[in-house]
Amino acid sequence: MMKYNSNGFLSRGLYVLALLFCSFILTADEVPDPETFFGHKPGADKKLIRWDQIVSYFEILDNNNSRIEVRELGKTTLGNPFILAIISSPENLSNLDKYRDISKKLAEGRISQSESEKLAEEGKTIALITCSMHATECGPTQMSPLLAYDLITGESEEIRSILNNVILLLVPCWNPDGNIMVTDWYRENVDTEFERSPMPWLYHYYAGHDNNRDAFMHNLIETGYVNNILYHDWFPQIFMDMHQMGRSDARLFLSPLYEPRHESLHPLLTREIELTGAYMRTLLEENEKSGVIHYAKWNHWRMSAIHTAALWHNVSTILFEAASADLASPVYQEESELTPKSHGGLGKQDNEQTINYPNPWKGGWWRLGDIVEYSCLSCMGFLESAALHRERYLMNMYRMASSNIESGLNEPPYAFIIPADQKDPNRVAKMINILIANGVEVHMSENGFTTRDVEYGPGTYIVLTSQAYRPFVLDILGPQYYPDRRLWPGGPPEHTFDITGWTLPYLMGVEVVKAERSFNAEMIPVSMAEAHAGKVTGKGPKYIFDHYILDSYKAVNNLLKEGFKIGWATEDISLGGKIFPEGSVIVSGKKAGNIIRELAKEHNLQVYAGNPRTETVTIKPLRMGLYKPFTANMDEGWTRWIFDNWEFPYSSLYNVDIQKGSLNKNYDVIVIANIQPESIINGHPEGIIPGKYAGGIGEKGIEALKEFVGEGGTLITLNKSCNFALDHFRLPVIDVADDYEPSEFFCPSAILRVDIDLEHPIAYGMNNQADIMSYGSPLFRLMDENEIKNNDVLSLENITVIAGYTSENPFRSGRLIGETILRKKPVLIEARYGKGKIILFAFRPQNRAQTEGTFMLFFNSLYYTK
């Protein structure tokens, strides 16, 4: 039975709930309907149900009905309960372990055909529905109590079939923290001039909308809960992820998705999605729900979203996207206001009848209640299909898994080999654990082995492609080559959606070797990877460790906090028979030994004690500010996540803090994440949001930042915010990304190779080449002497290029047209301005906390102040 303890955000409204509880005298199998419990229908105009109320309702269902079991999977980022409701017949609920085991065996695909047929006949469809990952897309979460109530009290033939044949795993809210924030914001502003105003902070504490870009990386707590359901605990055959979209045309999108489709995905997936989606759309049409579209808007080509990542795991997945109201406030739209095809979009058309949009919406009022109705009907169609096609779903999961295993035995690549003894073994172990978290089977060699004349030692990680999740293995460890799709033959490139290249070894800076030939090695399975235990060896008053261990920054930040002296060596050092490269970390201070030993053990650091004599770049305790706009910027949120996890001290800087000036009194370094320059300066316009959240830093803020840098501060700009520095600091650098036609140069997102100047302190710990994430990024060009003279900017003597695109083709993964345009152009620049400096990253060094291979450049820049 679920236990619920309110805390933090859940304190509000308990008195009202207590009154509601008192009004019900419940016996077994008696539960209040949602309208009675909440005091209004879910989806009522101007009413949002808060997470604490929803949890309390599900607790009542759990306590008083035999068709539902509610479990708390853990706490969210902000400490609220994350719950899973399991709904089925009482008999099925009493045999959950049996059906989970059947699902697991079929998903793994390592049983005989005859056994799989027997299990498919005996098993139940396990169907997962997740609601409202994006908190402003509130309809599905508001619907969830109604769906649960209908299923546990209904007696229709359809519901009986669902309960007997299906085990529903219902996540009523993927993002409880966001539901609380959005509900409180809406309630505060409803019936005021700001009823429809945007919330000025992220609706996930760190990620905002990007919580659906964390599927393979597992940085967020909530991602882990759902991925455990998918790939470790339940192995559902079908999955529906429920969202909302804009309201420019259709009222509802249901999969299948648009082109392009990854060739590694099993064709049965496409057919099953067509089968399930068609059943759902038919039920909606039977109930006179117009405006339903498929094969449009979103494509298959991304692994960052939870619903697409599941495809690479043989899970037949439906993306549900309903048109949005203004939260719970109705909107009215004339048919003439709906966006025509000419405005772009994948598979998009005018509001006319087409094969994938047979019943266009004709305009009118659109309410949260409409979203709830479309959601309920879609869920019932999804579950009816799950019941009707039970054996097919179960058997097809086995067919896909066993087919993938067979392909891995007979088709290259046969494996991916990952040496454990790389420069940063911690990062290697982390990447292996990410694979394991995604359900990948990983092995380790017990002895050395040889393949293609290359010897690998004991302890080498091996990921065989002969496994159920072979498609995921191929496309997470190998590169992506987005097809050259054009709007018409010879025309401009088709719009892409989100990241087009996500090769994990490139993102993390880990060496992986593709085995195109089969080989023999004695292997054992790995359930969790661990780097070699850290330790301190040698004797002496100082301690030295390698800069290229990314987790060393956690140790450095702790040591600085405790007052120890730290420097980066400016030359190679020989100590105890080991060569420490330039940039190695040197620690000194009385009683440093004890804390060094603790940190070495905690972060798996190999530390050497001695008395190295060398010049160092002194590292001082950080006095850092991170600009936090009221436009709810996701890159700022991810940067906070990184700072918190690597224990960097920082303060959030708001518009008023910058406008006050005198920033040097409190800060040595200020970071501006990936934010458009006009948003930095202007923010939200007056009148659409409460006054204290309106505007940006304005002219006062610009002058304050110029004063800050001029008086010795360091300003770090990431990606689009670099253009803010170019616009206001008279730098001899131009962004030429928009100077080309898309048919000449098109780089919506790609992983690209750069050369790095290892003598610069910002490059300490790096290799001479690295892979960077270019995603909506500037393209720098240095001005020539005539341009400098004509534009009255600083001379090139103030510019140091730290990294630039390679002279050969820099493309590694994703989508790129015009690679020759990139060659040798700078991507990381130090610009001296007055007594200070500006560090410009013309890429995303910390994108979504996934690009660990370039974290070090970013981290070094934080400490590279004076």
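Modeller: A pocket here is an open set of points on a 1 Å grid over the protein atoms alone, where a 1.4 Å probe fits and protein lies on both sides within 12 Å along at least five of seven lines. Its volume is the space filled by probe spheres set on those points, which are joined across faces, edges and corners. The model is predicted, so local features need pLDDT of at least 70 and side-chain atom pairs 80 or more, while totals for chains, interfaces and linings use all residues. Numbering starts from 1 along each chain as its sequence is written, and side-chain values use heavy atoms, without hydrogens or water.

The largest pocket holds about 890 Å³ of space. It is lined by 44 residues (an atom within 4 Å of a point), and T136, E137, Y203, H209 and M634 come closest to its centre. At least two lining residues come from each of α9 (176-189), β5 (238-245), β8 (316-323) and α20 (634-645); these are DSSP runs numbered from the N terminus, helices being H or I of at least four residues and strands E of at least two. By class, 17 of the lining residues are nonpolar, 15 polar and twelve charged (Ala, Val, Leu, Ile, Met, Phe, Trp, Tyr, Cys and Pro are nonpolar; Asp, Glu, Lys and Arg charged; the others, Gly among them, polar).

Now for the packed spots. S116 belongs to helix α6 (residues 113-122) and is buried, with a relative accessible area of 0% (buried is under 20%, with a 1.4 Å probe and protein chains only). Beyond four places in sequence, S116 touches L106, I111, M395 and Y398 (contact is heavy atoms within 4.5 Å).

L106 and Y398 also turn up where α5 meets α14: L106, A107 and E108 face L394, M397, Y398, A401 and I405. The axes of α5 (residues 96-108) and α14 (residues 390-410) are 6 Å apart at about 35 degrees (lines fitted to C-alpha atoms over the stretch in contact, with angles from 0 to 180 degrees between N-to-C directions).

Y863, in helix α27 (residues 852-863), is buried too, at 5%. Its contacts beyond four places include W568, I619 and F648, and its C-alpha is 9.7 Å from that of V617, 246 residues away along the chain.

Definitions and conventions: Buried < 20%, exposed > 50% of the residue type's maximum accessible area, 1.4 Å probe, protein only.
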